[in-house]
Amino acid sequence: MKRPLAILEIIIIMAFAIVPLLFTLPYRVNIFLSWEGAYRISNGQIPFRDFGIPLGGMYWAVPALFFKIFGSQMITLVKAQVFINIISGLAFRSILKTLQVNEGVRFASVLLYCISFSFINFWPWYNHSVIVYAFIALAFTIKAIMIEKNRQKQLFSLLAAVFTFFSFFTKQDGGGLIFLICSILLLYSVWFEKKWQYFLLYVGGTAVFISAAVLYFSRYDFSYWFNHGQPPHNARVSAGDMLNIFFGDSQWLKFYFFIILLIALPALKQWKDFIRNKRDVVFLLMTLGVLCMAAIFQVTSYTPDNSNIFFHSFAFAFFFSALLTVLPVQVNLFKISAVLSIGVMLWWSQLYWNYMQRILRINESTGAMATSATGENIVDMHNAAIKTASIAVPQGNWVGTNVKTLHKITVPEPTARGIDRMLNLDVFRNKKDVRVLNMSELTFLAAEIPYKLETGDKFPLWYHLGVGMFNREAKMFEDRIGEQYYDVVLFEYINTLNNFYPFRVRDSLQLHYNRVDSFFAPRNTNQGIIEVYLKK
């Protein structure tokens with residue numbers, strides 16, 4: 001059974017990754033950021049030199065490469081994410097394989113990882129990419145600790161440093177946390193083997209890679225942009241928030257910590273023997289490290305709200321690995337694989353049942369009042385609370401467009417009509433080198449119209465005030481608007497989000513430009529309106 005299970009693991013990893021390519025997908029909220037960063041880099045632009053970002057450029061490395069290969073269509077981002085998810089699943093599998101986790105437990109854990117973490121991430125996003133790089137670094141670190149050959153230890157330590165650097169230069173919090181986890185694991189290895197060289201190679205290599213990048217980018221405005229926690233950035237690491245979310249919520253995290261404590265207590269009674277069992281200690285430290293990482297990550301990286309969901313798979317693998325060692329009977333590999341896999345599918349059924357509901361049309365309800373055949377008012381779980389009318393168009397009613405960049409992507413019909421009207425504006429049809437300020441989610445228009453993107457270390461990649469840009473940039477755009485520098489300005493007004501596009505810039509637009517059109521933004525939450533402005 002071992003070889004067929006191993007092959008099936010690879011098939012599962014690839015199958016869950018490829019599924020999104022089989023469908024037409026709705027335009028994703030916030031995907032504009034992934035598209036524009038990849039588009040700029042694929043056209044030779046360099047982060048911090050040509051555009052400012054509070055993150056690192058590694059977030060766009062894979063999407064930019066795929067843009068080069070497949071073109072800058074929105075669906076190319078999904079193709080890039082297929083590759084990222086496959087690598088992510090293989091890294092997790094490698095960790096469990098190196099730690100010699102029972103093949104049946106490993107199979108079910110890989111299935112859980114794919115369902116809970118990979119399957120829900122169709123599109124590249126920095127809070128996902130940073131974790132993928134982190135887990136690749138962790139996989140190499142585990143190999144460096146567990147393998148016996150010195151040359152391979154050195155190679156894996158260095159590769160762990162490379163991907164820790166990639167993780168840090170995707171997003172600081174995830175990169176910093178995985179650096180701490182890998183360092184702790186390697187410090188244990190130092191104690192166990194009485195050799196410092198692999199720890200020093202990892203720490204020194206990470207420091208060298210980061211220092212080289214910082215020195216290179218310091219000629220630009222790097223210290224202003226890549227500077228979480230220092231003005232003008234606000235710190236997201238809050239002890240109060242961490243305590244509130246951990247003790248006020250985080251039920252699964254607290255449950256896993258408790259279970260692991262119960263598992264570890266008997267071993268800790270014989271701690272002198274336990275601490276010399278390298279495999280068990282590394283497995284325990286790694287699992288605790290990932291749980292701590294998840295507890296912090298949910299505060300520092302709260303978009304989306306399930307960005308830390310990766311911890312389930314590690315805790316699951318640790319728990320059932322420990323359980324198998326104390327069972328009084330030998331467990332059949334086929335049976336344990338089947339039972340655990342069925343359990344995983346039942347446990348996470350909500351992810352695929354949403355799709356099944358649409359296919360089977362089970363209990364569809366509008367939340368409206370209804371009467372029975374005898375004329376009595378019906379009150380049940382579907383209409384006890386009456387849903388109010390929403391201006392948002394349900395994603396099931398979204399439509400395709402004639403825009404090449406949106407091949408296999410649907411948007412609300414009002415958005416599609418608005419895009420058509422905008423593309424037919426006289427200013428785009430009759431004037432060359434149109435100056436455009438696009439403060440909207442329709443970033444793909446840079447390739448569709450096309451128009452030249454502004455470059456320089458003073459120009460932000462995106463316009464969330466206090467996150468992707470700050471008052472310095474807001475004033476710069478206000479000054480340009482006051483001078484009527486731009487021929488066309490697109491502004492997305494979302495009154496329910498805190499300056500997702502700066503309200504103060506919109507005030508300047510309304511003073512100095514004429515609004516000639518408006519239409520729905522391609523969103524299913526926090527509905528926005530895209531406004532089109534021309535010079536007065």
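## Exercises on a predicted model

**Exercise 1.** Work out how enclosed helix α5 (residues 103-118) is by the rest of the structure.

*Solution.* Start with the burial count: 15 of the 16 residues of α5 are buried. The helix is therefore largely enclosed by the rest of the structure.

**Exercise 2.** Describe how helix α1 (residues 2-18) and α5 pack.

*Solution.* Take the geometry to begin with: the axes lie 10 Å apart, at an angle of about 5°. Angles under 35 degrees count as roughly parallel, so α1 is roughly parallel to α5. Next, look at who meets whom. On the α1 side you'll find, among them, Leu5, Ile12 and Phe16, while the α5 side includes Phe107, Val110 and Leu111. Finally, sort the residues of this contact: 11 are nonpolar, none polar and 4 charged.

**Exercise 3.** Classify the ring pair of phenylalanine 179 and tyrosine 202, then say how exposed phenylalanine 179 and tyrosine 202 are.

*Solution.* The model has 65 aromatic pairs in total. In this one, the ring centres are 5.7 Å apart and the planes sit at 20°, so the pair is stacked. Now place the partners: phenylalanine 179 belongs to helix α8 (residues 172-193) and tyrosine 202 to helix α9 (residues 197-217), so the pair ties together parts 23 residues apart in sequence.

Methods: Residues numbered from 1 in each chain as written. Predicted model: local features only at pLDDT ≥ 70, side-chain atom pairs only at ≥ 80, totals over all residues. Heavy atoms only, no water. Buried < 20%, exposed > 50% of the residue type's maximum accessible area, 1.4 Å probe, protein only. Helix = DSSP H or I, 4+ residues; strand = E, 2+ residues; numbered from the N terminus. Axes fitted to C-alpha atoms, helices over the stretch in contact; angles between N-to-C directions. Parallel < 35°, antiparallel > 145°, perpendicular 65-115°, else oblique. Contact = heavy atoms within 4.5 Å. Nonpolar A, V, L, I, M, F, W, Y, C, P; charged D, E, K, R; others polar. Phe/Tyr/Trp six-rings, centres within 6.5 Å; stacked < 30°, edge-to-face > 60°.
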